[in-house]
Amino acid sequence: MAKLSLVLVALIAATVLISTCSAGTFLNNLDTEIAAAQIGKQYGLQADAYAKISGSLFDKITAEILPMINVFATRFQIPGQKTKHFSFDSFHLTEFHIGSVTVSFAQPNKVVLTVHDISLAAPKTNFDIYTHIIFKISCGGQFWASLGSTSISVILDVNTDGNGNLDFKPSGSSVKFGDLSVNHHFHNFFCKVGQDVVQLFVGNIDTLIKKVVEKDIPEKIGSLVSTALDKAFTRVPFKFVGNPTIDNNMIGVTVDLLGSEKKYFEKQQGLDFFGGK
């Protein structure tokens with residue numbers, strides 16, 4: 001009976017340690033927790049423990065993907081168009097800046113990454129507008145655009161896969177637009193075209209830039225974040241079981257200590273949550 005009590009104490013201590021200590025401390029003591037779980041299994045005791053993952057563990061990953069987002073945005077080409085009323089050359093974003101990034105959580109199992117204070121600019125790009133008086137007239141010029149004070153939120157669902165790893169999948173996004181400005185000038189000061197055609201052209205450029213911000217950039221952010229998180233947590237020597245939940249603005253997960261034994265001893269040399277050996 002005394003031995004069984006000691007085992008219970010060891011298992012309770014393991015659970016408390018996982019739930020309250022830093023990742024590094026727990027990793028340094030995981031062999032002790034596994035040993036306690038192995039003893040507990042002999043007495044038919046459950047060998048699961050509850051852990052919480054805070055937003056701070058995502059900081060390094062978000063810092064690493066920000067330059068990738070910047071490269072993607074500034075290399076993304078918006079193709080030119082030619083219509084009955086106007087045409088313009090292909091263009092890309094020459095500037096793309098991010099103010100900050102925050103990570104929050106939402107029920108039941110969602111990680112929300114928000115990129116704040118985005119600003120971007122499109123360079124001066126050639127265009128032509130066509131109008132008819134007696135015959136077809138073409139007026140050429142340049143347009144340029146800028147967007148500021150915009151935020152993008154990307155939502156990822158976190159679940160466990162069949163191998164005991166955490167699996168992060170993008171499930172949605174939202175955008176809060178700031179001021180979008182599309183400006184233009186004509187090469188010929190005397191060039192006159194109808195304002196309805198000019199507004200049609202400006203509205204088209206407005207729509208194209210909004211599509212990049214609403215669809216293309218969030219999709220890239222979601223892909224980069226989910227890939228980085230999946231890779232990082234695959235390296236963690238825990239076997240996660242059950243469905244993760246949001247608990248006090250952290251991800252609550254259940255760790256199978258006995259199932260984690262093999263993963264731990266395979267990866268205990270030089271393990272780093274986010275990019276070790």
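Helices (H or I, at least four residues) and strands (E, at least two) are DSSP runs, numbered from the N terminus.

Residues are numbered from 1 along each chain as its sequence is written, and side-chain values use heavy atoms, with hydrogens and water left out.

The chain holds 5 helices and 13 strands. Helix α4 covers residues 195-234, which is 40 residues. From first C-alpha to last, α4 reaches 57 Å, close to the 58 Å expected at 1.5 Å a residue; the expected span is 1.5 Å times one less than the number of residues.

Of the 277 residues, 40% count as buried, meaning under 20% relative accessible area (1.4 Å probe, protein chains only). Contacts are heavy atoms within 4.5 Å. Among those between residues at least 6 apart in sequence, 71% join residues at least 24 apart.

Confidence is given by pLDDT, the predictor's score for each residue from 0 to 100. The chain averages 77, and 73% of the residues score at least 70. Strand β10 (residues 166-176) has the highest mean, 95, and helix α1 (residues 2-20) the lowest, 38. Over residues 1-45 pLDDT stays under 50, and over residues 264-277 it is below 50. Where pLDDT is low, the predicted coordinates should not be read in detail.

Technical notes: This is a predicted model: local features need pLDDT of at least 70, side-chain atom pairs count only at pLDDT 80 or more; totals for chains, interfaces and linings use all residues. Buried means under 20% relative accessible area, exposed over 50%, partly exposed in between (1.4 Å probe, protein chains only).
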